[in-house]
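Here is a short briefing on a single chain. Look over the sequence and the fold before reading on.

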Amino acid sequence: MAESVKVVVDAMGGDYAPVEPVKGAVQAVKERQDIQVILTGDKTAIEKELGKYQDIPKDRIQIVHTSEVIETAEPPVMAIRKKKDSSIVVGLNMVKKQEADAFVSSGSTGAVLVGGQVLVGRSKGVERPPLAPLIPTKKGVSLLIDCGANVDARPSHLVQFAKMGAIYMEHVVGVENPRVAIVNNGAEEEKGNALVKETFPLLKACKSINFIGSIEARDIPAGFADVVVCEAFVGNVILKLYEGVGATLIEKVKEGMMSSFRSKIGALLVKPALKATLKTFDASEHGGAPLLGLKGLVVKTHGSAVAVEIKNAIFQCVQFKQQRINEKIAERINDQEQSTSEPA
């Protein structure tokens with residue numbers, strides 16, 4: 001049997017805590033034998049949720065009681081400093097102390113990002129850890145990097161994002177020689193804002209990645225690139241628009257199918273195929289967004305995450321650990337091309 005991977009799940013984070021985090025953890029340990037889950041949060045509330053399930057492998061689910069919860073509206077830095085017995089801080093400290101391999105949370109994004117950098121710490125040579133979710137495309141999935149961690153990024157940061165993203169897609173998703181592109185407002189090399197114009201030649205000169213040039217937003221869903229590089233403001237706008245348009249289209253398709261007797265008959269005929277197709281565009285099927293470039297693994301799921309997304313985020317951690325992604329990132333970031341980057 002493969003070495004067991006120990007994942008901490010923030011049971012108090014997200015809109016549906018502790019119900020969905022606990023459910024996702026239970027599903028994960030039932031489906032795979034190589035996972036141990038530690039649930040951080042209020043012990044009484046977690047035990048109540050665990051009591052709903054039969055045949056739980058109790059030797060692979062552990063509870064670590066915490067007395068505090070970091071709310072979404074709290075200032076992240078202050079919350080991390082003051083609420084040392086929160087489910088987020090305790091979980092991150094377990095990764096820092098190597099008592100666990102990874103941490104998964106649907107809680108405060110700010111607190112997870114700040115805590116990941118301050119408590120777990122950056123790998124040597126990493127200037128800014130990016131958030132990198134997998135997004136569905138016509139050809140499978142692409143990695144959007146960065147989607148929320150570094151709004152004011154520098155060219156050297158984007159070059160590191162490209163390297164980290166290429167490693168992730170190759171070793172976690174299994175894409176050989178992944179295509180890397182930078183988000184731009186045109187395909188021409190001379191287009192873009194100051195950041196893109198400065199970054200483009202650095203990416204072009206980077207021999208360790210397969211840089212294919214610029215990508216316009218409309219080409220992202222078509223899967224023209226495997227790694228989509230941008231700073232966090234642009235990335236977050238892309239991600240939120242992606243999710244919003246997807247949800248609206250699904251709603252309109254369902255509305256259209258129920259609009260008449262004839263359309264309802266047609267809906268019954270196409271339902272199996274449509275359901276399978278829509279599932280490939282469900283972001284929850286791909287887990288959460290890892291904060292890459294840390295000494296340990298931290299994964300942020302949506303605040304509205306339900307059990308399937310949390311379960312898949314846990315599975316994501318297993319693949320990440322088994323493929324030694326942290327070690328590979330540290331090696332790539334500190335290669336000879338580091339000299340092409342500007343100081344942080």
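What percentage of the 344 residues of the chain count as buried? The figure is 49%. The model is a predicted one.

**Overall fold**
- Eleven helices and eleven strands make up the secondary structure of the chain.
- The radius of gyration is 21 Å, close to the 20 Å that the globule rule gives for 344 residues, so the chain is as compact as a globular protein of that length.
- The C-alpha trace spans about 60 × 60 × 45 Å along its principal axes.
- Among contacts in the chain with a separation of 6 or more, 72% join residues 24 or more positions apart.

- The chain has an accessible surface of about 16,400 Å². Carbon and sulfur atoms hold 54% of that area.

**The six-stranded sheet**
- Six strands form an open sheet in the order β3-β2-β1-β4-β11-β10. Its pairing is mixed.
- Strands of a sheet pair through backbone hydrogen bonds, either parallel or antiparallel.
- The edges are β3 (61-65) and β10 (289-290). Each has a single partner strand, so one side of each is left without a neighbour in the sheet.
- Strand β1 (residues 5-10) pairs with strand β2 (residues 35-41) in the parallel sense, over six bridges.
- Lys 6 has Gln 36 as its bridge partner in β2.

Notes
Residues are numbered from 1 along each chain as its sequence is written. This is a predicted model: local features need pLDDT of at least 70, side-chain atom pairs count only at pLDDT 80 or more; totals for chains, interfaces and linings use all residues. Side-chain values use heavy atoms; hydrogens and water are left out. Helices (H or I, at least four residues) and strands (E, at least two) are DSSP runs, numbered from the N terminus. The radius of gyration is taken over C-alpha atoms; the globule rule is 2.2 Å times the number of residues to the power 0.38. Buried means under 20% relative accessible area, exposed over 50%, partly exposed in between (1.4 Å probe, protein chains only). Contact means heavy atoms within 4.5 Å. Accessible areas come from the Shrake-Rupley method with a 1.4 Å probe; for residues, only the protein chains shown count as cover. Two strands pair if DSSP finds at least two bridges between them.
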